[in-house]
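Thanks for coming. Please look at the sequence and the model first.

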Amino acid sequence: MKQYTTLLMDVDDTLLDFGAAEAAAIRFLFSSRGYPVDDSLVAHYSRINKCFWRRFERGEIPKEAIFAGRFAKLFAERGIEADPQAFANGYMDALSRQHFLIPGALELCQKLRGQFALYIVTNGVATTQYRRIEESGLKPYFQGIFVSEEAGSQKPSRDYFRYVFDRIAEKDLNRVIIVGDSLSSDMRGGIDAGIDTCWYNPHGLTTDLPVTYTIERLEQLPALLQAE
């Protein structure tokens, strides 16, 4: 087992439950504007949103195309007459107020602080992510927060990881590991950047990617990092 000094931690669906935050924000957004909202609409939006972000990660669309674009597509497919840009603006504000912790996330950060240098690595909008991280109680445990919007590139790109590596104390990449749930951004990005990876995989999925470690529960991480 390598002696790691530095952990790069993903946020959404690793430390914070993004699905719960997304659902709460969409429900508030539509209901506050007098539009009916149910589980079907929330799931429909979520599928569209994931598609837009995957296209962004692959470099197929600019980030600016995501925000109103996902609502325009949703409205077209559901026959809703509304202003996509107005909904996009309202959604970002509503999302920034949602911060549901993954079970064990806060306890994990409490246990790891002092043993490792902890940094957050996340794709997203800076103002939204900073607010969610702070209001969730996670911020004090991290020495730095790196949001793709501020980095000028996003996971899994090498440019994003170079941005991070330039700003962390540890310069020996053999002592750095990334922990996250996303194969396409966290694991692919870590592999391409030349650092070890720990896949948080609570649903027992499989992958052909050569991830270094896999955990199904956050509480498994400390023992894995300290094993001989």
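This is a predicted model: local features need pLDDT of at least 70, side-chain atom pairs count only at pLDDT 80 or more; totals for chains, interfaces and linings use all residues.

**The sheet and what packs around it**

Residues are numbered from 1 along each chain as its sequence is written, and side-chain values use heavy atoms, with hydrogens and water left out.

Helices (H or I, at least four residues) and strands (E, at least two) are DSSP runs, numbered from the N terminus. Two strands count as paired if DSSP finds at least two bridges between them.

Back to the pair. Strand E1, residues 6–9, and strand E2, residues 117–122, are joined in the parallel sense by four bridges. Leu-8 stands opposite Tyr-119 in E2. On the E4 side, Leu-8 has Ile-178 as its bridge partner. E1 and E4 run parallel and are joined by four bridges.

Now the whole sheet. In what order do the six strands lie? The order is E3-E2-E1-E4-E5-E6, in an open sheet with parallel pairing. Strand E3 (144–147) and strand E6 (213–215) are at the edges with a single partner strand each, so one side of each has no neighbour in the sheet. From one strand to the next, the twist averages 20 degrees.

Two helices pack on this sheet. For the angles, axes are lines fitted to C-alpha atoms, for helices over the stretch in contact, and angles run from 0 to 180 degrees between N-to-C directions. Contact, or touching, means heavy atoms within 4.5 Å. Helix H6, residues 126–135, touches E2 and E3, and its direction makes about 145 degrees with that of E3. Helix H8, residues 158–165, touches E1, E2, E3 and strand E4 (176–180), and its direction makes about 160 degrees with that of E3.

Are the residues of E1 buried or exposed? Both faces are covered: Thr-6 and Leu-8 on one side, and Leu-7 and Met-9 on the other, are all buried. Buried means under 20% relative accessible area, exposed means over 50%, and partly exposed lies in between, using a 1.4 Å probe and protein chains only.

Take Met-9 in strand E1. Met-9 counts as buried because its relative accessibility is 1%. Setting aside neighbours within four places in sequence, the contacts of Met-9 are Leu-15, Leu-108, Tyr-119, Ile-120, Val-121, Phe-142 and Val-179. Val-179 is 170 residues from Met-9 in sequence, yet the C-alpha atoms are 5.0 Å apart.

Strand E5, residues 196–200, has five of its five residues buried. Asp-196, Cys-198 and Tyr-200 point one way, while Thr-197 and Trp-199 point the other. E5 pairs with E4 in the parallel sense over four bridges, and Thr-197 in E5 stands opposite Ile-178.

Next, helix against helix. Two packed helices are described by the angle between their axes and the distance between the axes. For helix H1 (residues 18–32) and helix H4 (residues 84–96), the axes come within 9 Å and cross at roughly 130 degrees. H1 and H4 are therefore oblique to each other; under 35 degrees would be roughly parallel, over 145 roughly antiparallel, 65 to 115 roughly perpendicular, and the rest is oblique. The residues of this contact include Phe-18, Glu-22 and Phe-28 of H1 and Phe-87, Gly-90 and Tyr-91 of H4. The contact residues divide into 11 nonpolar, one polar and one charged. Here Ala, Val, Leu, Ile, Met, Phe, Trp, Tyr, Cys and Pro count as nonpolar, Asp, Glu, Lys and Arg as charged, and the others, Gly among them, as polar.

Last, the backbone. Most residues other than glycine have a negative phi, and most peptide bonds are trans. Asp-13, in the loop between E1 and H1, has a positive phi of about 65 degrees although it is not a glycine. Asp-13 is partly exposed, with a relative accessible area of 30%. Lys-155 and Pro-156 are joined by a cis peptide bond, with omega about 15 degrees. Pro-156 is in the loop between helix H7 (148–151) and H8.
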